[in-house]
Amino acid sequence: RKDGSTFPVDLTQSPLSAAEGHQVATAIRDISKRVATEQQMRLALATLDATEDAAMIFEPETLQFFYVNDGAVRQLGYRQAELLTLKPTDIMPEYNEQRLRESMAALISGGHKSRRLTTIHRHKDGHDIPVEIHLQYIAPADERPRFITLARDISERVRMERNANRSQRMESIGTLAGGVAHDLNNALAPI
């Protein structure tokens, strides 16, 4: 620029033949906005890849994944290329295609912006992982609609809830046994 600052450009040159010699036509286009958008996209994807949660984006029509983050790779045990050949129904044993499409219908129709559900993901080695899923339908202007799902492994929470339930059951059994012993003691005291 005239002030000495620089900016990214897309440069196109085409040779021209003229009677007095060869000339070149040059077109310069400022691509600052595109570069800034690409940097924001790279930052957003790097942020998604850094999260422990599985982030997956899939097509509403085909249900085919077209983006999975590193968290999904770590959580599910598949390589990224393998995940991109799968559909949500391939990793969600509780959902067949019909049930998944029913869950998606309210989001597509605009009835809800997002949906949370608790289900199971199946790891590549076959073990089940309890997950909490946040499913959202995104339909930006001039772009194809898509679904994004964020899945959080809740194995530790489920384990803690089971332990708490077990402790409550044991406490209830202890209280019951104490009551029975007290009643039995009261019945035997006169004897």
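## Salt bridges and core of a predicted model

At 39% relative accessibility, E97 counts as partly exposed, and this residue forms a salt bridge with R101, the closest N and O atoms being 3.0 Å apart. The structure described here is a predicted model, in which a search of the whole structure finds 12 salt bridges. The points below take up some of these pairs and then turn to the nonpolar core.

**Within a helix**
- E97 and R101 lie 4 residues apart in helix α5, so about one helical turn separates them.
- R101 is partly exposed, with a relative accessible area of 29%.

**Between distant parts of the chain**
- D53 and R152 meet through their side chains in a salt bridge of 2.8 Å, N to O.
- Because D53 lies in the loop between α1 (32–50) and β3 while R152 lies in strand β7, this pair ties together parts that are 99 residues apart in sequence.
- D53 counts as buried at 16% relative accessibility, whereas R152, at 44%, counts as partly exposed.
- R144 forms a salt bridge with E59, with the closest N and O atoms 2.7 Å apart; R144 is in the loop between β6 and β7 and E59 in the loop between β3 and β4, 85 residues apart.
- R144 counts as exposed at 54% relative accessibility, while E59 is buried at 16%.

**The nonpolar core**
- The largest nonpolar core has 24 residues, and those with the most contacts inside it are M56 and I91.
- Among the elements that each supply at least two residues of this core are α2 (70–76) and β7 (146–153), while β6 gives the most, with 4 residues.
- Leaving aside residues up to four places away in sequence, I91 touches several residues, including M56, F65 and L76.

Note on methods. Residues are numbered from 1 along each chain as its sequence is written. This is a predicted model: local features need pLDDT of at least 70, side-chain atom pairs count only at pLDDT 80 or more; totals for chains, interfaces and linings use all residues. Side-chain values use heavy atoms; hydrogens and water are left out. A nonpolar core is a set of buried Ala, Val, Leu, Ile, Met, Phe, Trp, Tyr and Cys residues joined through side-chain atoms within 4.5 Å. Buried means under 20% relative accessible area, exposed over 50%, partly exposed in between (1.4 Å probe, protein chains only). Contact means heavy atoms within 4.5 Å. A salt bridge is a side-chain nitrogen of Lys or Arg within 4 Å of a carboxyl oxygen of Asp or Glu.
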